[in-house]
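This report is meant for a reader meeting the structure for the first time. Please look over the sequence and the model below, and then follow the sections in order.

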Amino acid sequence: MILMGTYTMPNDKTEEWKKCMLDLAANPPTVGIKKWRTFSCPDEFGYKGYNLIYTEKGKEDEALFEIAKTMFPLTQIEGSSWKLETLMGVPDSLKVMES
C-alpha cells in the first residue's frame, strides 16, 4: 500500500516543528514501513509537506499505527494539520472505473 500524508505548518511555529522533525529523524518509524519520503515547499501560510509512505505487504495495520504515533506530536502544534490518504496507481484506478 502507498499512502500520501500531507501537512501544513504555520510560519510562526518553525522551531516547534524543527524539534519534532529532529526527533523523527533520530527515531524513524520502521514497523511495517518499507520507505518514507518527505518533501516540502513554502506555502502562503507557512510550509506544506508531502510524504510518500510505502508499507510492507501484510503489515499495513502496524504501519498505520506507527505513522499515527510518529505524527501525533506534530499534530499537537497549534495551526498545523495532517491528512493521510491511500493512493492507487492508474491501472487500479481504471479497474475501479470499469466496475
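## Overall plan

Helices, of at least four residues, and strands, of at least two, are DSSP runs numbered from the N terminus. The model described here is a predicted one, and its protein chain has 3 helices and 4 strands.

Taken along the principal axes, the C-alpha atoms of the protein chain fill a box of roughly 45 × 30 × 20 Å. The protein chain has 99 residues, of which 26% count as buried. Among the contacts in the protein chain with a separation of 6 or more, 69% are accounted for by residues 24 or more positions apart.

Taking the pairs in turn, S2 is joined to strand S3 (residues 46-55) by 10 bridges, and the two run antiparallel. A hairpin leads from S2 to S3 through 2 residues. Within this pair, Lys35 has Tyr54 in S3 as its bridge partner, while Cys41 has Lys48 in S3 as its partner. Lys48 in S3 is also the bridge partner of Thr8. S1 and S3, which run antiparallel, are joined by 9 bridges, and S1 and S4 pair in the antiparallel sense over 7 bridges. In S4, Thr86 is the bridge partner of Leu3.

## Asn51 in strand S3

Asn51 is found in strand S3, and in that strand Asn51 stands opposite Gly5. Is Asn51 buried or exposed? Asn51 has a relative accessible area of 3%, and because buried means under 20%, this residue counts as buried.

Which residues does Asn51 touch, leaving aside those up to four places away in sequence? The contacts of Asn51 are with Leu3, Met4, Gly5, Tyr7, Trp36, Arg37, Thr38 and Trp82. Asn51 and Phe39 lie 12 residues apart in sequence, and their C-alpha atoms are 6.3 Å apart in space. As background to reading such a strand, the side chains in a regular strand alternate between the two faces of the sheet.

## Helices against the sheet and each other

The axes of helix H1 (residues 14-26) and H2 come within 9 Å and cross at roughly 165°. Angles over 145 degrees count as roughly antiparallel, and H1 and H2 are therefore roughly antiparallel to each other. Their crossing is right-handed. On the side of H1 the contact is made by Trp17, Cys20, Met21 and Leu24, and on the side of H2 by Thr70, Pro73 and Leu74. By type, the residues of this contact of H1 with H2 divide into 6 nonpolar, 1 polar and no charged.

## Thr70 in helix H2

Thr70 lies in helix H2 (residues 60-75), and is among the residues through which H2 makes its contact with H1. Is Thr70 buried or exposed? With a relative accessible area of 14%, Thr70 is buried, since the limit for that term is under 20%.

When residues up to four places away in sequence are not counted, Thr70 touches Leu24, Pro29 and Trp36. Of these, Leu24 is named on the H1 side of the contact between H1 and H2, and Trp36 is also among the residues touched by Asn51.

Key. Residues are numbered from 1 along each chain as its sequence is written. This is a predicted model: local features need pLDDT of at least 70, side-chain atom pairs count only at pLDDT 80 or more; totals for chains, interfaces and linings use all residues. Side-chain values use heavy atoms; hydrogens and water are left out. Buried means under 20% relative accessible area, exposed over 50%, partly exposed in between (1.4 Å probe, protein chains only). Contact means heavy atoms within 4.5 Å. Axes are lines fitted to C-alpha atoms, for helices over the stretch in contact, and angles run from 0 to 180 degrees between N-to-C directions. Angles under 35 degrees count as roughly parallel, over 145 as roughly antiparallel, 65 to 115 as roughly perpendicular and the rest as oblique. A crossing is left-handed if the near helix is turned anticlockwise from the far one by less than a right angle, and right-handed if clockwise. Ala, Val, Leu, Ile, Met, Phe, Trp, Tyr, Cys and Pro count as nonpolar, Asp, Glu, Lys and Arg as charged, and the others, Gly among them, as polar. Two strands pair if DSSP finds at least two bridges between them.
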